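Please look over the sequence and the structure below. A short report follows, arranged by topic.

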Amino acid sequence: LLASTSKPQKNGGGTALWPLRIPPDSSSHPKDLWPQLSPRLPWARAGRAPRGWMETWVQSICVSLLKVPLMFGFLYLFVCSLDVLSSAFQLAGGKVAGDIFKDNAILSNPVAGLVVGILVTVLVQSSSTSTSIIVSMVSSGLLEVRSAIPIIMGSNIGTSVTNTIVALMQAGDRSEFKRAFAGATVHDCFNWLSVLVLLPLEVVSGYLHHVTRLVVATFNIRSGKDAPDLLKIITEPFTKLIIQLDKSVITGIATGDESLRNRSLIRVWCAAGGLGAPPNCTSPGHCSGNSMESLHNVTRQKCEHLFTDTPLPDLAVGLVLLAGSLVVLCTCLILLVKLLNSLLKGQVAKAIQKVINTDLPHPFSWLTGYFAMVVGAGMTFVVQSSSVFTSAITPLIGLGVISIERAYPLTLGSNIGTTTTAILAALASPGDKLASSFQIALCHFFFNISGILLWYPLPFTRLPIRMAKALGERTAKYRWFAVLYLIVCFLLLPSLIFGISMAGWRVLVGVGAPFLGLLFFVGLVNALQARSPGRLPKWLQTWDFLPAWMHSLQPLDNLITRAALCCTDRCRSPEGWDEREGAARDKARLGLDNPALSYPEEMPGPALRVGSPRLPPHGATRL
């Protein structure tokens, strides 16, 4: 009302508010004040509200109400695109994954088994698929449980790539990208650190194998019902219209069934009502085992999805689905972030942040993280996928609604939730596969429990949080570093370790031991440079004695900026190019010189221009 009664001043000095006489009775309705406005404003007459104000109010209410169902709709499409993305990866690399699992001599090497678990899970984008292959191989006698444990550890690492890809979608804003990437990579850091400690311990002592075998022998395990697929009930009606796969083809190739090598993964024949087809049946005459008998007892009909009668090979269909699912994934995530930004602002955002990030009352404050683990485990059990849960909270971390300190226990709980789902699925196995599948599921469970005991109970042991924050800072400064991190950590490094491990234990130890020693030395020196540099020799208090490319990403950043400029401008070099201002001109021409989007270290100062080849003096340069 005060804003409505403002009038412009004659001298151009802004607006003046006309005083209103508000009755002392607090129960007076605002419409009782409108008669006072009638001599002042033409639209205020005897309790009649302005039409423009009322229309604006109704419009804002309708828009706010429409945002909520829109948000759930985009979330539904986001989850469905994750499912289709997994199917696309299985079509493109599923048979390769089966061939990787096929070589049992390789899998007997624990380091090679770890790398195989990572690569296969990255290829098929599903830890449950890789785990089901392992269960089939163990139950058929092709693989021992002890050899399967490193593969389970690797699948735990590989499944965390999905939410890291999701974090890339928030690269437009540096602060959001920093938080989102840190929240996504805290899962990676936890898994890598746990493997670095627990894999050597398992190789030396075999504690996971012994503990799980004791549990299986102690309890009288009987087959039961499968885990409830609560999320699939909602998503499958839509995703089945796009693609349906016969995952038993991958398992058959892994277990040595050569007749399935030329078989398509795309399911063509389903049972009546689209409830699925008998195992290993992708066409009327292509069934294996006892599936032919069950096929005669089931009414068959063609599956109804987009690629039922496609002449394209599996790889082509997989690439088409990969491109389409990534487009839908990116679009839904961007729209979700924008909707959440508009809904979670002001007092609403502060209230939600306070509820989520506040600890329990004082005597029980130490239980807050464990309560978050229970919540993460429960939510993962409901959605039946740790990738879906961690990918869904990644945008919230980027927006600042969930802090990295709270996201860490939620992620650890998600790891536990996905193992409980595997345990229930193992209990539904047939009698001949029950013991082995249940033991493998328990190995996955106890591996995550051991990792939590290592990296959570004491505050100083929560290294994954500090590592993830450092990665977030680095990625916010150099946004291309996120793509480099994905390629190195999930493709190049596992492939390199796999190749070295194939040369034998001596080569692996000869190369790996010096590398780990150097990594430990660099971490120790960095810690001393930050906290007590006086304890170090003067020449070691900074890394400035090394070439710039060995202790800074700035030279590589300049190279990538020049390469991007060459791609956009066809390598046209302006006349009189000033090397001292090269990087600044590059960023200006690429539209990256906006101060609002610049990182503090990139802001020009009075004594130094951005892009100068000589670095300013500083206390310590971190490697």
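Is Leu-559 buried or exposed? This is a predicted model. In it, Leu-559 has a relative accessible area of 56%. The cut-off for exposed is over 50%, so Leu-559 is exposed.

## A nonpolar surface patch

Leu-559 lies in helix H22. It is one of the residues of a nonpolar patch on the surface.

Two elements give two or more residues each: helix H19 (481-502) and helix H22 (554-569). H19 gives the most, with six residues.

## The chain as a whole

The chain has 23 helices and four strands. Of its 623 residues, 43% are buried. The accessible surface comes to about 32400 Å². Carbon and sulfur atoms account for 66% of that surface.

## One disulfide

A search of the whole structure finds one disulfide. Cys-270 and Cys-303 form it, with their sulfur atoms 1.8 Å apart. The pair links distant parts of the chain, 33 residues apart. Cys-270 sits in strand E3 (residues 269-271). Cys-303 sits in the loop between strand E4 (300-302) and helix H12 (314-343).

The torsion about the S-S bond is about 105°, so the disulfide is right-handed. Both Cys-270 and Cys-303 are buried.

## Two cysteines without a bond

Cys-189 is in no disulfide. Its nearest cysteine sulfur belongs to Cys-489, 8.4 Å away.

Cys-189 has 5% relative accessibility, so it counts as buried. Cys-489 is buried too, with a relative accessible area of 16%.

## Helix H18

Helix H18 covers residues 463-477, 15 residues in total. At 1.5 Å a residue, the helix should span 21 Å. Its end C-alpha atoms are 22 Å apart, which agrees.

Which residues of H18 are buried? They are Pro-464, Ile-465, Ala-468, Leu-471, Gly-472, Thr-475, Ala-476 and Lys-477.

Conventions: Residues are numbered from 1 along each chain as its sequence is written. This is a predicted model: local features need pLDDT of at least 70, side-chain atom pairs count only at pLDDT 80 or more; totals for chains, interfaces and linings use all residues. Side-chain values use heavy atoms; hydrogens and water are left out. The expected span of a helix is 1.5 Å times one less than its number of residues. Buried means under 20% relative accessible area, exposed over 50%, partly exposed in between (1.4 Å probe, protein chains only). A disulfide is a pair of cysteine sulfur atoms within 2.5 Å. Accessible areas come from the Shrake-Rupley method with a 1.4 Å probe; for residues, only the protein chains shown count as cover. Patches are made of residues with over 30% relative accessible area and no salt bridge: like charges are joined within 9 Å, nonpolar side chains (Val, Leu, Ile, Met, Phe, Trp, Tyr) within 5 Å. A salt bridge is a side-chain nitrogen of Lys or Arg within 4 Å of a carboxyl oxygen of Asp or Glu.
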